[in-house]
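Hi everyone, thanks for coming. I'd like to walk you through one structure today, so please have a look at the screen.

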Amino acid sequence: MQVMDILTLVAGLGLFLYGIKEMGEGLEKAAGRRMQHLLEVLTRNKLTAVLVGALVTGVIQSSSATTVMVVGFVNAGLLPLTKAIGVIMGANIGTTVTSLMLSVKLNFGVIFATIGLFFMLFSGKRSGFKMLGQIFMGLGVLFIGMETMTSAMKPMREWEGFTNMIAGVSNPVLGVLVGALITALLQSSSASIGILQALAGSGLIGLHGSLFILFGQNIGTCITAMLASIGANRTAKRAAVVHLLFNVIGATLFIVISLTLPFATWVEHLAGDNLRLQIAFAHIIFNVTTTVIMLPMSGMLERLARLVVRGEDKQEEPMRLTYFDDRLFSTPPIAAKQLFREVTRMGELVKANYDFAMEYFFSTKELPLDEFDNRENVIDFLNAEVTAKMIELRGLTLSSQDVHLMGSLFHVVNDLERIGDHCTNIVEIGTARRKLKTKFSAKAEQEVRDLNVIITRMLEQAMGIVNRQIIDPEIIAKVKTDEAEVDKLCEMLADRHVDRVKNKKCTPKNGMLYMDLLNNLERIADHADNLSTSVDAMDDGKKLLW
């Protein structure tokens, strides 16, 4: 094999990987935002989860990419591990599409590249056609790279050293290790199986030796998901471990089958003399059979993953609507009630973040911010989602009570979101205080504690009005009195603190943090006052609106 042959092989591999990358990026632009929603909707049972995994992987040509996405969704709490297992199994089936297409004797490279070029040249300003062009062009380059690798490997048949090395792959353990190593290095099972088919197409390896490399390639593809799980939570790590266990168990099973039964002969009968097609069929049989066997045992896989990755994550608030479903729009009164429950949930999260923010400010210890950040992200999510659902719901037929409820909830959601933002500001003030290693005087800290008592009471009373949807003039009056007191206190405390800074009893940096804190607390009190009056009176006296 000459230098040019090696360079041609490398160039072919580069084209192959570049084609996969271009196609994946085009698909991500065209459908990436819909991918998450697709997984959420279609993974309601094990079978549909498998179908989704197969469909997504068949489209993007990368089981590694699908599995990495699944690990990310599990880490974000968007997909439970039980459903993720089915998607992972389906991803292994979907990745067989590439090997099957590569085995058919059609010049897919020319066909797809021509279609892609057509879309890209005549797309004009239409971004949708440009995306299609990128997808098809990527496919074309992928297949051209495959053909280039095949041509470059033909001289390898005459190299005795390489022939002897490939012949040694008939050893099952060595074959599995070679397959796993190649795939782990390339980070793409589609690419490594393409190389295997190129070797076979060049007459350098037979089906029996290819099988063990193929089984190892299915193990090697797990490295991407394992790397993606580094730094993720325990549940996401378990998803990556499930992927590894699935392929290790499948490889072990098929090694035994290949050594004890005429598996290679069966595949030859199915695929005829086309060695590439034989490898593609073996790949399909491996993944489909392993899925059929392991899918009913998914609970066992999950338990094994829990044994490997021990311990439990802190329970995070899920980034989704927990009480509302779009199907409820068919019954508007129930939809209104469930949206109201989402708002009360949002209020609980805001109150929890306020309590944490004040604790964080007062504490001298380092407190973990993960749970606070999670709640704040969910608060922002609920603000956007609940508002969108309420707008949609108001376009339906509602009773006067429900119309009134939706009107009041618009204001409630906005005020809750703003309180959440001010809580984030308080946490940032606490963080700045830690970095500067500064301390407030005992007097200044006590003043803040006194303010905190009043505002905590205001939030509890205001949220009580919102949650019960009962107009209580007495409580509203108390909240208004507290709000006026907070305004006066903040003004008075600000003046006192300016005097402390002038008298050098407090540093200017401390003074800035203190004034910023007072401003945020005053704004929280204003929003609490807004909450108490969000349920407008429909008549005199107390009125139950819900």
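Predicted model: local features only at pLDDT ≥ 70, side-chain atom pairs only at ≥ 80, totals over all residues.

Let's begin with cysteines. C222 is buried, at 1% relative accessibility, and C423 is buried too, at 0%; buried here means under 20% relative accessible area, exposed means over 50%, and partly exposed is in between, with a 1.4 Å probe and protein chains only. A disulfide is a covalent bond between the sulfur atoms of two cysteines.

Residues are numbered from 1 along each chain as its sequence is written, and side-chain values use heavy atoms, with hydrogens and water left out.

Now the overall picture. The protein chain has 22 helices and zero strands; these are DSSP runs numbered from the N terminus, H or I of at least four residues for helices and E of at least two for strands. Of its 546 residues, 50% are buried. Among contacts with a separation of 6 or more, 79% are between residues 24 or more positions apart, a contact being heavy atoms within 4.5 Å. The chain exposes about 25600 Å², and carbon and sulfur atoms supply 61% of that; the areas come from the Shrake-Rupley method with a 1.4 Å probe, and for residues only the protein chains shown count as cover.

After α19 comes K437, with a positive phi near 55 degrees.

On to charges. Side chains of opposite charge can pair when their charged atoms come close. The whole structure has eleven salt bridges, each a side-chain nitrogen of Lys or Arg within 4 Å of a carboxyl oxygen of Asp or Glu.

Take E302 and R306, whose closest N and O atoms are 3.4 Å apart in a salt bridge. Both sit in helix α16 (residues 298-308), four residues apart, about one turn of the helix. E302 is buried at 14%, whereas R306 is partly exposed at 33%.

Next, E460 and K351 meet in a salt bridge of 3.8 Å, N to O. This pair links distant parts of the chain, with E460 in helix α20 (residues 442-468) and K351 in helix α17 (residues 332-362), 109 residues apart.

R457 pairs with D482 at 2.9 Å between the closest N and O atoms, which links α20 to helix α21 (residues 473-502) across 25 residues. Is D482 buried or exposed? D482 is buried at 6%, while R457 is partly exposed at 34%.

Last, the surface. L117, F118, L121 and F122 make a nonpolar patch of about 450 Å². Patches are made of residues with over 30% relative accessible area and no salt bridge, joining like charges within 9 Å and nonpolar side chains (Val, Leu, Ile, Met, Phe, Trp, Tyr) within 5 Å. F122 lies in the loop between α6 (108-121) and α7 (127-153), and F122 is exposed at 54%.
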